[in-house]
Structure formats: C-alpha cells, structure tokens
Amino acid sequence: MTGQEEECPYETYKITGKLYISGEIREASLLIKEGKIALLGKSLPDMSAPTLELGRYEVALPGMVDLHVHMRGLKLSHKEDWYSGTLSALKGGVTFVADMPNTVPPTVTISALEEKLEEAKLNALVDYGVYFGVPGKLDIYLRALNKGIIGLKIYPKDYRSPILMKLIKINSERGLITVLHAEDPEVEDKNRLAEVSAVKYFSKISINHGVRIHFTHISSSETVNLMLISKLKGAKVTFDITPHHAFLNEKLRERLGGIAIVRPPLRDEESRVAIYNSLRNLIADAYATDHAPHTLEEKTSEKPPPGFPGLEVSLGLLTTEVLERKASWRIIDLYSSRPAELLNIPKGKLLPGFDADIVVLDTKRRWKVKGESFLSKAKYTPFEGWELRGIISKVFIRGVKAYEEGEIFVKRGFGKMYGGHFGEN
Ligand code: DOR
Ligand code: ZN
C-alpha cells in the first residue's frame, strides 16, 4: 500500500440508521472495520466503537459503481484528468470508476497503460479500474492482464481485428468483462441500424461460442428488444444504459446544439421511454454515465465532439425517481451491486465482506443542476436547471470519510486500483 493509512487511519466504528440493504430500506447497524463491512444487524453487540447515527431523513446507500467513464488525463488533460474526474465522481456519490482506453495515447500498448496507471495512482480520489483497448498482438493483451486491467473495450474500428475472438474468449474464461460499443461501422445509417446490426452480430457470437459480452450505452427500443431476445435464446449478454438516453430525447439538440451531441445520439421519445423503462423495471443490467468531458470551447465549436460529463448528476437522477415514488429503491442496484458483479469487484452492497463504500443521502433536501458548479473540468450539462431530490451529505470509501457537505477529506492518490488481480497494484 501507499502510506495513505497514515493520513487516513482505518477506524472501527458503527453506522446506525436507515440502510439500503437487499432491495429495501431497513433500520439497522453496520460495523466497519479495516475498510470493510464487518457486521450487519438490527442491533450490534455492545462494543465501545464510536457510532455515526444517521439523521431522521438520511439513508445510507452503497457507493455507486460506474463501469463506463472517460477520466482522460495524459495528453487530453485539458478536458479532464484523474484528479478532476474522480473529484467529480466523489461529489456524485460514485466511489468506483472504470476508465475507457480511447485516451491519447490510446491504452493499447504496455507503455501507454503504464503511463495511465501512474497518473491514476498519483491522482485518483476514488477507487478505479482501467480497461485495455484491442491491441495489435495477443501477447500485448496477456501482458496487460498481468498488470491488472479491469477488462477489454471493443470499439467499432476493432470489429475486424484478427485477434478479437481470442480476446473475448480469454476474458470470458477469466471472468473479466468485455465491453462492446455497438455500432456496425459497415452500416451507412450510423444511428439505429448500425446499433441493431452490431447487437445481432455479437449476440450470435455469444451464443455460438458461449462467451460473455457486455453491450454498453444501448440506446434504442429495437436494441433493448434484441437484447431480451438474445438473453431468452441463451446468449451470455448483458447491457447498460445511460442517464441521458433514459431521461433526454433528440429534441434537446435543437435547444442545446453541440452540448447535446453524444454517441450514440439522443433518440426519439419512443426509444427514450424504452430505455427509461429498462431502468425503472430493472431490465437493464446496469446504469453507467459514459462521463465524456470535452472543453466548452470544443462543444460550442463548428464540429462539436460527442459526449458530456455525467458523474455529478447520475445518482441524483435516480434518487429523484425514487423520492418522487416513480421507481423503487431497487433501481440503485443498477448503479451499485450489478455493475460491481459485472466487474467482479467486492463493492456495491452494504453487506459483510464488502468494501465499506457508503453514500449518505439526505432525502429531504433538493438541488438544482448547474454545470457552472461542477467539479469536473467540463462545466456544462444537458441537464442544466433540472430540480433533483436527495443531497449527498457524506461519502465513505473503504471506511474512510472522503466527502462531507462539499468538503473533500482524502488526498490525491487515495483511490485504489482494482482489476484482474484484485487491486494489488
Ligand atoms: O459520446 C461519446 N463520447 N461516445 C463515445 O463513444 C466516445 C466518447 C468520448 O470519448 O468522448
Ligand atoms: Zn464512452
């Protein structure tokens, strides 16, 4: 370990109050010991450990796990870096981020991976994993696995790679996630049909070879349907959806121009409803931001790049649904326990044995989304002006208080890496 214990000694303490456990809110107590949840019970044996009593309107949730973010850094640090990106995550109640490989340089060589891991290690405030992209040669991937990557990301440009099947099989055998951006580069219509074609093609691969494939940012009603059909046929496929495809539709482009440009694009209302209901009815396997920061200058230019930040609104959008009684507390699972299972990390549940990553939510308070006040370097959002319910009052990571009411209590480098080798980097 890095010496971070000296600054933030792990304590033994209890948290008592309303806790989100296995799908419901229960009055109970947690005992936190050495960064893990050690015990859970209605009342814990009397012990001298100090106790944090939650307020009447407070609820403790597990820390959120985001399996699709772009922390940028390296030569894209003007857009975001590992400090600003994880600061943004922390404020949003996201205690684990999995970072994508489309950086400059791209994470497809060992030297680029090492450079990224060094930046992350020195700067991350929350826990993290790093995806590798499709490399030119198989042995590069095997070396990357030994460095503890969290999984593989496949972009449309990689579909024809001669080693693609080998990589998917290796991951599937090792229980590592393979995340696919579904957009067939050979289909002219870059929108719905390209997604449909890619989902059909890779679902068949999953069925024929018995391999696991995770489809990220599924965005249309047709492809949600196709995912369900593939699952019924026995494909080992899973999928996530984003906050923007669940809550926004294409009409926003007229009003916001470049700010609302994202890939896959915002769809029509029929698709938005399908994506929203795949979240609300727990049909999707996960909810992930695709936090993709660019500078405001770039976004308001002639050729705006796709993507926008999402980490500071994603949990707020979910808690608003719950507190307005439009959805059950269980939707929180799609942003905590379920992505943690997909990534194979001991996070996302307030149960003994799991990391003590805890978000304390004040359910009484409301707030208004203002891009200007984001901690991300990208200070704009297509959710500008939305009124959200539930304020994150405290965040604990591995038992250490990392955030309280706007104040940060951990230092750069506190975040710990998790991957194929369970965070021993
Ligand atoms: O909107 C997007 N932004 N989609 C992607 O696939 C890439 C991402 C980015 O890196 O900016
Ligand atoms: Zn992305």
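1. A quick word on terms: a residue is called buried under 20% relative accessible area, exposed over 50% and partly exposed in between, using a 1.4 Å probe and the protein chains only. By that rule R26, at 36% relative accessibility, is partly exposed. E24 is partly exposed too, with a relative accessible area of 42%.

2. Before going on, some housekeeping. This is a predicted model, where local features need pLDDT of at least 70 and side-chain atom pairs count only at pLDDT 80 or more, while totals for chains, interfaces and linings use all residues. Residues are numbered from 1 along each chain as its sequence is written, chains are lettered from A and ligands numbered from 1 in the order in which they are written, and side-chain values use heavy atoms, with hydrogens and water left out.

3. Back to that pair. The side chains of E24 and R26 form a salt bridge, at 3.3 Å from N to O. The term stands for a side-chain nitrogen of Lys or Arg within 4 Å of a carboxyl oxygen of Asp or Glu. The count for the model comes to 27 salt bridges.

4. Have a look at K347 and D127 as well. Their salt bridge has its closest N and O atoms 2.8 Å apart. It links distant parts of the chain, as the two residues are 220 residues apart: K347 sits in the loop between helix 13 (337-343) and strand 14 (358-368), and D127 in strand 8 (residues 127-132). Helices here are DSSP runs of H or I with at least four residues, strands are runs of E with at least two, and both are numbered from the N terminus. K347 is buried at 2% relative accessibility, and D127 is buried at 0%.

5. The salt bridge between K157 and D158 has its closest N and O atoms 3.0 Å apart. Here K157 is exposed, at 67% relative accessibility, whereas D158 is buried at 6%. Elsewhere, salt bridges that share partners tie K36, D127, K347, D355, D357 and R398 into one network.

6. Now the inside. The largest nonpolar core has 98 residues, and L61, V97, F202, F215, Y287 and W329 touch the most other members. Such a core is a set of buried Ala, Val, Leu, Ile, Met, Phe, Trp, Tyr and Cys residues joined through side-chain atoms within 4.5 Å. A second, separate core has 17 residues, including M100, Y155, A286 and A340.

7. Which residues does Y287 contact, leaving aside its neighbours within four places in sequence? Among them are D240, F247, L279, S314, L317, L318 and Y335. Contact here means heavy atoms within 4.5 Å.

8. S314, L317 and L318 also turn up among the buried residues of helix 12. Helix 12 (residues 314-323) is mostly covered, with 10 of its 10 residues buried. Just after helix 12, R325 takes a positive phi of about 60°.

9. On to ligand 1. The residues around ligand 1 include H70, R72, N102, H181, V262, D290 and A292; a residue counts here if one of its heavy atoms lies within 4 Å. A nitrogen atom of ligand 1 is 2.9 Å from a polar backbone atom of R263, and a nitrogen atom of ligand 1 also lies 3.0 Å from a backbone N or O atom of P306. An oxygen atom of ligand 1 is 3.0 Å from an N or O atom in the side chain of H294. The protein covers 94% of the 290 Å² of accessible area that ligand 1 has on its own, by the Shrake-Rupley method with a 1.4 Å probe.

10. T363 is in strand 14 and is buried, with a relative accessible area of 16%. The side chain of T363 reaches the backbone oxygen of Y57 at 2.7 Å. Apart from neighbours within four places in sequence, T363 is in contact with Y57, V59, L323, W329 and G390. The C-alpha atoms of T363 and I391 are 6.6 Å apart, although 28 residues separate the two along the chain.

11. Last one: S220. Is S220 buried or exposed? S220 is buried, at 0% relative accessible area, and lies in the loop between strand 11 (212-216) and helix 7 (221-233).

Conventions: Polar contact = N/O pair within 3.5 Å; in protein donor to acceptor, adjacent residues only side chain to side chain.
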